[in-house]
Amino acid sequence: MSESKLAAQYLDTAIGLLRRIRDEEADSVAAAGTLLADTVVAGGRLFAFGAGHSSLAAQDVVYRAGSLALMNLLAVPGAVGVDVMPATLGSALERVDGLAAAVLDSSPARAGDALVIISLSGRNALPVEMAMNARALGLKVIGVTSLAYATGPDAPRSRHVSGTYLRDHCDIVLDSKIAVGDAELTHDGVDAPFASASTVTTSALMQSMLATCAESLADRGIQPPLLRSGNVDGGHDWNAKVFEQYKDRIFYQH
């Protein structure tokens, strides 16, 4: 079987996007990682939120080997991934006004904590209200989104009543560099564009931010509260010590 030209084209495109992130988002990534480190030092808790497929990058850093043990998933029932039936319900919930406030009010998040909100388009009511309400409660908010959806020539309108986007309500914004539509390839015999890359770039931004956080803590003489793989000898014992030390800031065990 000959090599797929489109497969190679997709990988080259993804590599190009990652290079753009490395070169263009370095300052924002550094600021975001430092904010997380400042939160850890101050005794705050860390949360990550994403709806639909944006939740993948949030889940990827929660209870994960090599990740910060303090990162908790802020879940909205029915909007995390595509685990509801029908799957379109999750998309509908992203447009419901008031849902974010209800979730935050019932969550352990409080002033002094940090929340990473992931939303590719940043236009739906749920992520916009999540950011607005979180800041009103005194949380620091890091947004991971594609600025093309808010500023580009093909930018769609916000679905929030204020007409604003996620990026308008964040302390720091990381741009995933994804074009409107989240499909990188086209083909003469295919009617619709295909091959999304948002999970690749968003996850890279999240991991880069956490790497910066670990570095910032180490530079201050603080051992980052990282988890080790349970498939490595001694991993479970290591994690048990971290869980015990930070049990008041970890909520996925309760």
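This is a predicted model: local features need pLDDT of at least 70, side-chain atom pairs count only at pLDDT 80 or more; totals for chains, interfaces and linings use all residues.

User: Which strands does β4 join by bridges, β3 and β5 included, and how do they run?

Analyst: Helices (H or I, at least four residues) and strands (E, at least two) are DSSP runs, numbered from the N terminus. Two strands pair if DSSP finds at least two bridges between them. Here β3 (residues 114-118) and β4 run parallel and are joined by five bridges, with leucine 115 opposite valine 141 of β4. Strand β4 also runs parallel to β5 (residues 172-175), through four bridges; glycine 143 has valine 173 in β5 as its bridge partner.

User: Is strand β4 mostly covered or mostly exposed?

Analyst: Buried means under 20% relative accessible area, exposed over 50%, and partly exposed in between (1.4 Å probe, protein chains only). Strand β4 (residues 140-145) is mostly covered, five of its six residues being buried.

User: How is valine 242 classed, and which residues does valine 242 contact?

Analyst: Valine 242 lies in helix α9 (residues 235-245) and counts as buried because its relative accessibility is 9%. Contact means heavy atoms within 4.5 Å. Leaving aside neighbours within four places in sequence, valine 242 is in contact with Ala69, Pro225, Leu226, Leu227 and Ile250.

User: How many salt bridges are there?

Analyst: A salt bridge is a side-chain nitrogen of Lys or Arg within 4 Å of a carboxyl oxygen of Asp or Glu. By this rule there are eleven. One of them joins arginine 20 and glutamate 24 at 3.3 Å, N to O; both residues lie in helix α1 (residues 5-24), four residues apart, about one turn of the helix.

User: Which parts of the chain does the salt bridge between glutamate 25 and lysine 177 link?

Analyst: In this salt bridge the closest N and O atoms are 2.9 Å apart. The pair links distant parts of the chain, 152 residues apart: glutamate 25 is in the loop between α1 and α2 (26-41), and lysine 177 is in the loop between β5 and β6 (185-187). Glutamate 25 counts as buried because its relative accessibility is 7%, and lysine 177 is buried, with a relative accessible area of 11%.

Key. Residues are numbered from 1 along each chain as its sequence is written. Side-chain values use heavy atoms; hydrogens and water are left out.
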